[in-house]
Amino acid sequence: MDTLQREKYRLSREQRHFYGRNGYLKVEGLLTPEELGELDQHSMNLALDKVDLNKIKGLNPRNQGTTPADMEDKYFRFIQFHRHLALHERYLLHPRILDVLEALIGPDVMAMQSMLFLKPPGKPGQAFHQDSYYIKTFPDTLCGAWMAIDDCDDENGCMGFVPGSQYDVISQEVGQPENTSDFQAGLTEVQGVDQSGEVLAEAKAGDVVFFHGHLLHRSRQNRSRDRFRRCYVCHYANARAYTEWGGGNANHLLVRGTTHLPFARAKFSDFEPEPAGGV
Ligand SMILES: O=C(O)CCC(=O)C(=O)O
């Protein structure tokens, strides 16, 4: 759509305050039913090994399995597939998601990471962590946008947040999770988290949950018998922040506004970042 004709999504005062206080914000129904249908179909095709990934150069599977859980592990949660598949790039560049990010961490925004999770029944989640522990930006402006493809709740392993922890420093006290039925082995867990304040981030398919890079969060095992818990989660930062993560700024896409730093361009479309302003 012509960017000049597009009506930007505008956060209300209440939404801005909620994010400021809690470090996360759920925007209900940010994806249209058509967009959701496309993500639903695509992620199911990936789960069923119906997307031919063999022709993609530089994509090295970690195992040969073909079950939905294997498929997720095979490509380690389909990380950075926006560099391989147009659909992943398109949703990383979703204009209404970028409107929200422009207000929360902008005005200039860069896109750094994309991950598609299938999380079929029985699959563990990820123990308490802070994303800025891994993805460092200076100034420290990281924000995740978590798009629910399924309805997500306690049973199928929705996310859990510790509101207010976005004001904490990045903890260096990390270890390995002991509870490896709930939490993926090999990934780090922040030690000594006071879990009494955890809130579950239940979401309906089509909702998008934005969360601060310092926010302590986790997700448990999918304990349902037959429900997937699929989501597409992308990470962004202010485009004027310096980073060495992922090969540095030149590898990350400028998605809103401008920057004095190097940046990459979209691979599958002639996407041009909209000017910042007016959100
Ligand atoms: O969706 C999940 O289960 C975990 C996502 C997450 O922890 C993250 O993106 O940092």
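Which order do the strands of the open sheet of three strands have? To find out, select β7, β4 and β9, which lie in the order β7-β4-β9 with antiparallel pairing; strands are DSSP runs of E of at least two residues, while helices are runs of H or I of at least four, both numbered from the N terminus, and two strands pair if DSSP finds at least two bridges between them.

This is a predicted model, in which local features need pLDDT of at least 70 and side-chain atom pairs count only at pLDDT 80 or more, whereas totals for chains, interfaces and linings use all residues. Residues are numbered from 1 along each chain as its sequence is written, and side-chain values use heavy atoms, with hydrogens and water left out.

Stay with the sheet and select β4 (residues 159-161), which three bridges join to the antiparallel β7; Met159 has Ala201 in β7 as its bridge partner.

Next, select Leu53, Phe78, Ile97, Leu101, Phe210 and Tyr236, the residues with the most contacts inside the largest nonpolar core, which has 47 residues. Such a core is a set of buried Ala, Val, Leu, Ile, Met, Phe, Trp, Tyr and Cys residues joined through side-chain atoms within 4.5 Å, where buried means under 20% relative accessible area with a 1.4 Å probe, protein chains only. Helix α5 (residues 95-105) gives this core its largest share, six residues.

Finally, select Cys158, which counts as buried at 4% relative accessibility. Its sulfur is 7.0 Å from the closest cysteine sulfur, in Cys152, too far for a bond, and the whole structure holds zero disulfides, a disulfide being a pair of cysteine sulfur atoms within 2.5 Å.

Notes:
Buried < 20%, exposed > 50% of the residue type's maximum accessible area, 1.4 Å probe, protein only.
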